[in-house]
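The entries follow the order in which I went through it.

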Amino acid sequence: MSEVYDLIVIGGGPGGYEAAAFAAHSGMKTALVEKDALGGTCLNRGCIPTKTLLHSAEFYGTLAGEKTPAGVTAEGLRFDLAAMQDRKDAVVTQLREGVAATLKKAKVTVYQGTGTVLGSGLVRVQGESAEELSAKHILIATGSVPVRLPLPGAEGDAVYDSDGLLSLRKPLSSLTVIGGGVIGLEFASLYLALGAKVTVIEALDRLIANMDKELGVSIRQLLKKRGAEIITGASLQRIEDAGGLKRAVYLAGEAEQSVDAEAVLIAVGRRAYTEGLFAEGVAVQTERGRIVTDEYHRTNLDGVYAIGDVSSGIQLAHAATAAGINAVCHMLGKEPLRNESLIPSCVYTDPEIASVGMTKEEATAAGLAVVSKKYPMSANGKTVLSEGERGFIKIISEEGSGRILGAQMMCARATDMIAHLATAVNAGLTVEQMRKTVFPHPTFSEGISEALSSI
Ligand code: NAI
């Protein structure tokens, strides 16, 4: 007789484990099935490991930079990529143990194995042995994997996806990055800080094309200033061997051109991971590989929900977490707890990039009369004293009502500070209401207050 649950979650990433813990705390008898390590892509191969390596690289890059930082001189400065990797692994292990402890405390039963949906309410777990579990609800949170390019040479030696490059222990003297999206730019930033020659090849005419145009233009200038070569409007054709290096051949306009480097990173997006997820005959509806869901995250299969990268929507860890909580709310017959229409985006370049809500173009396209005000962080005391790069905070508000609609930032701590604006947009605050808040001095966050004062 199979074990019976209220909820079986398949996938232990930030979407799955947070939903499982929340469901268990809400009184549901909950199981979580994970075939690999708890924490999913975010903890094991994504957010946490990349930001840990970026922390080391930026530390080194600051000291090794052209200007002597803040009067500090370091002699015999060097970095040890293998040691950075060891530290990254230790951070990941510590946080993974935290996830396991959270699930244990919440009394979620964790099954180690591959979960396959046999039909509504029925899951087979194939681990060391096979067992069948049944539940009133199933939540699929199996995430995504890097997209592969079906091009000659794209699978060869020294051609990596983000998973592969994340565990490299030997430094690179040069790197070609295919894709000027979030992953491409974070790795470009990492290797630039470590002194590598970096080239970014992007098919569209700008970087981080799904964000405000000015952010893409500004980060391009900064990366170029640090020595990166940025080639836009260029599509990779093939990768060849060239005397011990990898030659990336791309099409820019009519002409084929190429760039050589020790390694190539392919970062052209991620695709939904559904391998082995559904038994034969289980007809789940998908669109371009991603599971189709409604506003409550229900799939077309009765009682089966899907959230995060495997389903439609934004591919971000915190978006998956919000969706998981809301899906569980729906199972419980409760109103959603999270506002999923407002998901902040963050890019961990140096300086950081963050955005929330509408850009000026989006607000205008929605028929709103908008005021867009930009505050240059070169006038912010904390930025000047900490030798910050050029950057800005831009706030978009509605003309007349003053309602804050969105914000875009490129500056130190942008990824932390965006939460202030997320709160403002979510609560429907106006510029005037926000201006009442006294911001501490000297801080980066004063930039928000300055931007508000300039409106
Ligand atoms: P992406 O979709 O953000 O960017 C991929 C880029 O590759 C696009 O600009 C595309 O035009 C370009 N491209 C595609 N084919 C190409 C070709 N043949 N030649 C040249 N350029 C080509 O995908 P990315 O960066 O791989 O990230 C995947 C997902 O992971 C995204 O949804 C991203 O938001 C998420 N992510 C978020 C992070 C964060 O929040 N900090 C960090 C890492 C990933």
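I began with Pro442, which is found in the loop between α12 (431-435) and α13 (446-453); helices here are DSSP runs of H or I with at least four residues, strands are runs of E with at least two, and both are numbered from the N terminus. The model is a predicted one, in which local features need pLDDT of at least 70 and side-chain atom pairs count only at pLDDT 80 or more, whereas totals for chains, interfaces and linings use all residues. Residues are numbered from 1 along each chain as its sequence is written, and side-chain values use heavy atoms, with hydrogens and water left out.

The bond I wanted there joins His441 and Pro442, and I noted it as a cis peptide bond with omega about -10°. I then looked up the peptide bond from Asp350 to Pro351, which is cis with omega near 0°; Pro351 has its place in the loop between β20 (345-347) and β21 (352-357).

**Positive phi and loop residues**

I looked next at residues other than glycine with a positive phi, and Ala158 is one of them, with phi near 60°. Ala158 lies in the loop between β7 (144-146) and β8 (159-160), and I put it down as partly exposed because its relative accessibility is 24%; with a 1.4 Å probe and protein chains only, buried means under 20% relative accessible area, exposed over 50%, and partly exposed in between.

Arg288 also has a positive phi, near 45°, and lies in the loop between β17 (286-287) and β18 (290-291).

In the loop between β2 (30-34) and α2 (40-44) I found Asp36, which counts as partly exposed because its relative accessibility is 43%. I noted that Asp36 and Gly113 are 77 residues apart in sequence and 7.5 Å apart in space, C-alpha to C-alpha.

I recorded α1 as mostly covered, since 10 of its 12 residues are buried, among them Tyr17 and Phe22.

I made the same check on α4 (residues 81-105), whose 25 residues should span 36 Å at 1.5 Å a residue, in agreement with end C-alpha atoms 36 Å apart. The buried residues of α4 include Leu81, Met84, Gln85 and Lys88. At the start of α4, a side-chain oxygen of Asp80 reaches to within 3.1 Å of the backbone nitrogen of Ala82, and just after α4 I found Lys107 with a positive phi of about 65°.

**The ligand**

Which residues are closest to the ligand? I listed Ile183, Glu186, Glu202, Gly269 and Cys346 as the closest of the 22 residues that surround the ligand, where a residue is near if one of its heavy atoms lies within 4 Å.

I then went through polar contacts, that is, pairs of N or O atoms within 3.5 Å; within protein, one must be able to donate a hydrogen and the other to accept it, and residues adjacent in sequence count only if both atoms are side-chain atoms. An oxygen atom of the ligand is 2.9 Å from a polar backbone atom of Gly269, and a backbone N or O atom of Val182 lies 3.3 Å from an oxygen atom of the ligand. A nitrogen atom of the ligand is 3.2 Å from a polar backbone atom of Leu236.

**The second largest pocket**

I noted about 1500 Å³ of space in the second largest pocket. Its lining has 42 residues, with Glu58, Gly61, Thr62, Arg226 and Asp350 nearest its centre. On a 1 Å grid over the protein atoms alone, a pocket is an open set of points with protein on both sides within 12 Å along at least five of seven lines, a cavity is a set of points where a 1.4 Å probe fits but cannot get out, and lining residues have an atom within 4 Å of a point. Grid points are joined across faces, edges and corners, and a volume is the space filled by probe spheres set on the points.

α3 gives the most to this lining, with 10 residues.

Notes:
Expected span 1.5 Å × (residues − 1).
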